[in-house]
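This report covers selected helices, strands and contacts of one structure. The sequence and the model are shown first.

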Amino acid sequence: MALETKPTHFLQNIIREDLVEGRVSQLVTRFPPQPNGYLHIGHAKSICLNFGLAKTFGGCCHLRFDDTNPVKEEEEYVAAGIRDVSWLGFEWAGEVRYTSDNFAQLHQWAIQLIKDGKAYVCDLSPEQARAHRGTLTSVGTNSPYRERSVEENLALFDSMTQGEKEEGSCSLRAKINMASPNINLRDPVIYRIKKAPHHQTGNTWCVYPSYDFSHGQSDALEGISHSICTLEFEDHRPLYDWFIANLPVPVRPRQIEFARLRLNYTVVSKRKLKQLVDESYVDGWNDPRMPTLSGLRRRGVSPAAIRNFCDMIGVTRSDSVVDVGMLEFAIRDDLDKSAPRAMCVLEPLKIILTNYPVGQIEILSAPGHPNRDDLPARQLPFGGSLYIEREDFREQANKKYKRLVLGKKVRLRNAYVIQAESVEKNSAGEIIAVHCRVDLDTLGKDPVDGIKPKGVIHWVSTEQHIDCEVRLYDRLFNDPAPDAGDKNFLDYVNPDSLKVLSDCKGELSLVGAEEGCSYQFERNGYFCRDSKFGSAEKPVFNRVISLRDSWVKVQHK
């Protein structure tokens with residue numbers, strides 16, 4: 001078989017060789033999440049890898065939910081997973097699949113193992129079973145129920161299936177080797193009792209297969225050629241191979257492991273993410289600070305940025321930590337090329353142009369994007385009263401301050417040069433307005449006196465603008481490894497991960513901004529219209545990311 005694809009990582013090398021040597025005729029991969037939480041950035045690597053391999057080698061990729069635990073799984077998580085994979089830009093082969101589609105076959109195979117003397121019903125409690133299992137340095141101890149007869153095991157398993165046994169009272173275990181150096185082979189549980197309705201099968205079953213028993217067999221039933229797993233499943237592979245060898249499966253998938261994505265300043269355990277949601281540290285699974293795909297989407301991160309990030313980090317077997325700065329770089333790089341420009345004043349201070357004709361409004365023009373001719377120019381109303389950022393004015397400042405200072409000049413972006421002359425203060429001594437003169441001969445050119453302004457600041461008309469709320473999101477954790485070792489990750493939640501500014505002023509091009517649409521607010525960063533909060537009259541914009549990485553500087557002040 002001739003393949004023109006040039007391998008870029010070890011998995012492509014393996015698959016190419018399997019196809020060339022004829023070990024498989026077509027590549028069939030799968031992405032098999034458990035629907036016990038929302039998909040996160042770590043899943044994105046697996047999604048891009050499995051669907052990308054299928055595309056590269058002209059194969060197909062299945063989307064299957066490994067739904068073997070009805071207690072922790074919900075239809076909400078299934079729907080969110082389908083939405084996330086589609087949003088990333090991938091199409092799966094056939095219908096969405098579920099491990100629960102195979103429950104009847106898996107149950108029959110469990111009975112087959114009992115009949116072959118390779119499975120037994122064990123009455124040890126979970127705690128007792130763990131004690132019998134042994135440790136990494138000591139062998140396990142056989143269960144006292146290990147030598148039950150085939151007839152007794154069949155009857156007991158049927159009693160479990162009919163709901164006559166209580167949860168935790170017994171389980172069905174594979175009979176392998178309690179002295180194996182691989183703990184996964186020490187008579188693992190393959191069926192347990194769970195009297196809970198299932199989101200796909202309802203109350204049909206009260207016994208459910210374990211993940212280890214169902215995973216490999218579901219791959220085989222679907223005709224998966226290559227089961228691409230993360231490294232933590234490497235020690236489980238001998239168990240999967242044992243099941244495959246002892247059951248009449250239609251195909252034998254080849255399992256290959258790669259290093260999962262580990263990102264600093266990030267937690268991706270679904271259990272811990274759920275805790276953040278349940279204990280209201282965040283505003284749901286799609287909170288823009290969450291590493292979930294729905295959270296990244298709501299924040300304003302594009303599918304292209306995530307796909308590019310996954311390409312950047314590559315695929316290896318080396319278990320290392322990726323700097324979150326790489327993800328942030330991919331996001332900035334994407335938005336710099338795609339996001340329309342706009343001006344928005346986050347903390348407004350009023351500017352009064354004392355020599356500008358009273359009541360006059362002129363329309364200035366600014367590019368929609370400096371490098372994209374397909375985006376129309378923006379129309380900017382300019383008059384005698386404007387808003388600038390409060391931090392862009394000081395009564396006195398040193399030479400390093402390149403913004404507006406009393407007696408000094410500054411250029412208004414895409415407009416004129418102004419000079420601050422006096423300030424207006426309230427009874428508390430706070431500046432409420434700055435009186436300036438505008439040089440009307442400086443539109444697009446320098447002042448005739450030859451004194452060039454030292455800085456450029458953005459502005460918005462006080463007469464014609466849109467009121468909006470801006471949410472400044474930052475990293476959710478202030479420690480690079482918040483859940484390492486025996487740390488309580490909640491102790492490292494960043495108290496400054498969200499700052500809400502409710503009195504912001506945006507230029508008119510932001511009127512009608514669609515939910516999920518991102519902009520570069522000039523000089524302030526990249527922002528996205530929020531899909532959950534706000535209204536047409538007063539939209540909410542989430543900061544996707546700052547214009548440049550200031551995290552290290554802030555953390556080491």
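Helix α2 is largely enclosed by the rest of the structure, because 13 of its 16 residues are buried (under 20% relative accessible area with a 1.4 Å probe and protein chains only; over 50% is exposed, and in between is partly exposed). The model is predicted: local features need pLDDT of at least 70 and side-chain atom pairs count only at pLDDT 80 or more, while totals for chains, interfaces and linings use all residues. Residues are numbered from 1 along each chain as its sequence is written, and side-chain values use heavy atoms, with hydrogens and water left out. Helices (H or I, at least four residues) and strands (E, at least two) are DSSP runs numbered from the N terminus.

The end C-alpha atoms of α2 are 22 Å apart, which agrees with the 22 Å that its 16 residues should span at 1.5 Å a residue (the expected span is 1.5 Å times one less than the number of residues). Just after α2, G58 has a positive phi of about 65°.

Helix α2 (residues 41–56) packs against helix α11 (residues 303–313) at an angle of about 75°, and their axes are 10 Å apart. Axes are lines fitted to C-alpha atoms, for helices over the stretch in contact, and angles run from 0 to 180 degrees between N-to-C directions. The angle makes α2 roughly perpendicular to α11 (65 to 115 degrees; under 35 is roughly parallel, over 145 roughly antiparallel and the rest oblique). On the α2 side, I41, A44, K45 and C48 meet I306, R307, F309, C310 and I313 of α11, where contact means heavy atoms within 4.5 Å. The contact of α2 with α11 has seven nonpolar, no polar and two charged residues (Ala, Val, Leu, Ile, Met, Phe, Trp, Tyr, Cys and Pro count as nonpolar, Asp, Glu, Lys and Arg as charged, and the others, Gly among them, as polar).

## Helix α3

Helix α3 (residues 75–87) has 13 residues. From its first C-alpha to its last, α3 reaches 18 Å, close to the 18 Å expected at 1.5 Å a residue. Its buried residues include Y77, V78, A80 and W87. Just after α3, G89 takes a positive phi of about 100°.

## A four-stranded open sheet

Four strands form an open sheet in the order β4-β5-β6-β7, with antiparallel pairing; two strands pair if DSSP finds at least two bridges between them. Its edge strands, β4 (119–122) and β7 (207–209), each pair on one side only. From one strand to the next, the twist averages 20°.

Three bridges join β5 (residues 171–174) to β6 (residues 189–193) in the antiparallel sense. S171 has R192 in β6 as its bridge partner. Helix α4 (residues 103–115) packs on the sheet and touches β4, β5, β6 and β7, with its direction at about 115° to that of β6.

## S214

S214 belongs to helix α7 (residues 211–222). S214 counts as buried because its relative accessibility is 0%. Apart from neighbours within four places in sequence, S214 contacts T68, T99, L106 and P209.

## Strand β25

Seven of the eight residues of β25 (residues 466–473) are buried, leaving the strand mostly covered. With β26 (residues 498–506), β25 pairs in the antiparallel sense over seven bridges, and L472 stands opposite K499 in β26. β25 also runs parallel to β29 (residues 539–545), joined by three bridges; R471 has N542 in β29 as its bridge partner.
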